[in-house]
Amino acid sequence: MKTRIRELRKQRHISQAQLARAVQVTRLTITSIENEKYTASLVLAYKISKYFSLTIEEVFDFSEIEEEEKSHESL
């Protein structure tokens, strides 16, 4: 799943380690989310979004899921 985490971190001069500590995960977890190797749980997505004072939808891109739902509806 695509996210804006890397972009948001860079805008605010926050390292992966700083974000990881703030949301109580490892730096590797943040790296994996940024590289689309891991999808954050709802709880983690909430924590990350809250950290940046944004909604989950403003941080995480759900367009792939929405497109998949539309393709299933047309079957």
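## The end of H4

H4 is followed by Ser53, whose phi is positive, near 60°. Helices here are DSSP runs of H or I with at least four residues, strands are E runs of at least two, and both are numbered from the N terminus.

The model is predicted: local features need pLDDT of at least 70, side-chain atom pairs count only at pLDDT 80 or more, and totals for chains, interfaces and linings use all residues. Residues are numbered from 1 along each chain as its sequence is written, and side-chain values use heavy atoms, with hydrogens and water left out.

Within H4, the buried residues are Leu44, Ala45, Ile48 and Ser49. Buried means under 20% relative accessible area, exposed over 50%, and partly exposed in between, with a 1.4 Å probe and protein chains only. These four lie on the same side of H4 because they cover an arc of only 135° around the axis; the arc is that of the directions from the helix axis to the C-beta atoms. An α-helix has 3.6 residues a turn, so residues three or four places apart point the same way.

Leu42, Val43 and Lys50 are exposed on the other side of H4. The buried residues of H4 pack against H1, H2, H3 and H5, where contact means heavy atoms within 4.5 Å.

## H2 and its cover

Helix H2 spans residues 16-23, and Gln16, Leu19, Ala20 and Val23 are buried in it. Their arc around the axis is only 100°, which puts them on the same side of H2. Their cover includes helix H1 (5-11), helix H3 (27-34) and helix H4 (42-51). After H2 comes Gln24, with a positive phi near 60°.

## The nonpolar core

The largest nonpolar core has 17 residues, of which Ile5, Leu19, Ile30, Ile33, Ile48 and Phe60 touch the most other members. Such a core is a set of buried Ala, Val, Leu, Ile, Met, Phe, Trp, Tyr and Cys residues joined through side-chain atoms within 4.5 Å. H1, H2, H3, H4 and helix H5 (56-59) each give two or more residues to this core.

Leaving aside neighbours within four places in sequence, Leu19 is in contact with Ile5, Arg9, Ile14, Ile30, Tyr51 and Phe52.

## Tyr51 and Phe52

Tyr51 and Phe52 form an edge-to-face aromatic pair, 5.2 Å centre to centre with 85° between the planes. Rings of Phe, Tyr and Trp (its six-membered ring) pair if their centres lie within 6.5 Å; planes under 30 degrees apart count as stacked, over 60 as edge-to-face and the rest as tilted. The count by this rule is one aromatic pair. Phe52 is buried at 3% relative accessible area, whereas Tyr51 is partly exposed at 33% relative accessibility.

## A buried glutamate

Glu34 is found in helix H3 and is buried, with a relative accessible area of 7%. Its side chain makes a polar contact of 2.6 Å with the side chain of Arg9. A polar contact is a pair of N or O atoms within 3.5 Å; within protein, one must be able to donate a hydrogen and the other to accept it, and residues adjacent in sequence count only if both atoms are side-chain atoms. Not counting residues up to four places away in sequence, Glu34 touches Thr3, Ile5, Arg6, Arg9 and Gln16.

## The whole chain

The protein chain has six helices and zero strands. Buried residues make up 32% of its 75 residues. Among contacts with a separation of 6 or more, 53% are between residues 24 or more positions apart.
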